[in-house]
Amino acid sequence: MVIAVHPEIRRTGAGVTIAVDHAHLECEFNLVLFGSGVYHFDDKAFDIGPGSLIWLAPGKRHRLERSADLDMWVATISDGALDNSFLSDVLSRPHRTLSAEDAVALDRLLRHVSQDAAEPRLYNAGIYYAFRTAWRMTMMGVEGRFKRPHSAVIKIVEILSADPSVTTLGVAAERCGLSADYVGHLLPQQLGVSFKELLNRTRLNRFFSIYPTSRNILTAALDAGFGSYTQFYRVFCDIVGQPPRAWLGGDSHVPPLDLMPFSTIVTRKTDSEDGVYPFSFMVSQDFTSLRRWFGSTFPTCLERALGEESAAPPIATGICNLSDLRRFEEDLVDEVSASNSENALMLADFFRRQNVLATYAQSHGQWQLGTSDLAMIVGLDFVLGLMLARSRPLPSREQILPICYRFREAFCNLNTFANATSDEVQRTSMAAIVSSVLKLHALRAAMARESRSTFEQIAACSRSVMLATVGIDPLSTAIEI
């Protein structure tokens, strides 16, 4: 069936039941914000989800199977408005998953253009600009790997939505047990916005839920969390694209502004997400190269060591370039293989799927401990083991440092690495790094699922490994976080 459509940009939200099984002479693209579905065209089927950008050729039949919560933008333009090279480019890539940054930017642009429907010249120019922007993202943008946001990101979105008194990054980060610097880096990385923009968009969402009842712009703005009308006016114009009174005084058929729900912008799972590997595997790796340096007297030395910055000298790792440690990946697989061949295969697959050392630098870098001191690396692994065993949130740098200094003092008292070769120190460093990355994955996966049984499962594994490697029961040790 060939139907006639007008050049337009519109939002089709959750609950739409109109069947899509047709063709039209206009070029169309869709940007999925939430939900899932399957598009059928050209004898192919494409799974779609958050961030999917789909191009539909003029005159080609397409059919959409949608989930009940599918929410997406639909943009159409006259075939004559585009040159043949444009169509050839985008139809060579009919389906693409945008990066979070591109998805947010395109959503923002489509939202602004859709508000200009009452001014045809401006509206048509906006549609053309939107198509050229989507073309650029299709041809030159970075392919996205969408996954569930970090649990702290979701938590911050929930905190801002529920509590208008939270107005600073520091307070929001503290409630999540993370540093402000780390969360400040995490938000743009995962949601494509800064904390300030997230705060303002959350306030604006709250304003649009309050205004229909109060019918007073200033009252609704203050109740939504804005400090003044001037601040509200500036944010409204920046995000909505026009002054508040112009928007609220518009045609009555125009629906309330529906800002993108950030907590659902990147919900699709990928084969590299934390939950792919069993939790028991995540924390049960008992690396021989890590365990061999701890004797039966080590727990006593650790308990007696100072709880503040130690006078003991650093235990140099000899690491000049973190990536140099990749040569020990096969050694670690061989170690695990000696006791569990199945886990060894999973560890090898883990190395294949992920650059573990880069992950360590990016995720553990929030604690700013560096990699020059072996005691710090092993101490951090121990701290994460305590977190798992005790079902605690991620610690701060100030909480970690005293324990790392205790490790340095205990190592020096035992004279453990006095005769170790450079390779032995580096192999131990690699084992501790991999161990802590696996533990951090497991901890974040458990936090995201908010499951007590999950925490208990990984806690039991973490407890047994810590008993095997350092001889310490994390549930009975006097060391506190």
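1. The model is a predicted one, in which local features need pLDDT of at least 70 and side-chain atom pairs count only at pLDDT 80 or more, while totals for chains, interfaces and linings use all residues. Residues are numbered from 1 along each chain as its sequence is written, and side-chain values use heavy atoms, with hydrogens and water left out.

2. Cys237 counts as partly exposed because its relative accessibility is 24%, whereas Cys301, at 17%, counts as buried (buried is under 20% relative accessible area, exposed over 50%, partly exposed in between, with a 1.4 Å probe and protein chains only).

3. The axes of helix H17 (residues 374–390) and helix H18 (residues 397–414) come within 8 Å and cross at roughly 125°, so the two helices are oblique to each other (under 35 degrees is roughly parallel, over 145 roughly antiparallel, 65 to 115 roughly perpendicular and the rest oblique). The crossing of H17 and H18 is right-handed.

4. In the contact between these helices (heavy atoms within 4.5 Å), residues including Leu380, Phe382 and Leu386 of H17 meet residues of H18, among them Ile403, Arg408 and Phe411. The residues of this contact divide into 14 nonpolar, one polar and one charged.

5. Asn415 lies in the loop between H18 and helix H19 (422–449), and has a positive phi of about 55° although it is not a glycine. Most residues other than glycine have a negative phi. With 52% relative accessibility, Asn415 counts as exposed.

Terms used
Axes are lines fitted to C-alpha atoms, for helices over the stretch in contact, and angles run from 0 to 180 degrees between N-to-C directions. Helices (H or I, at least four residues) and strands (E, at least two) are DSSP runs, numbered from the N terminus. A crossing is left-handed if the near helix is turned anticlockwise from the far one by less than a right angle, and right-handed if clockwise. Ala, Val, Leu, Ile, Met, Phe, Trp, Tyr, Cys and Pro count as nonpolar, Asp, Glu, Lys and Arg as charged, and the others, Gly among them, as polar.
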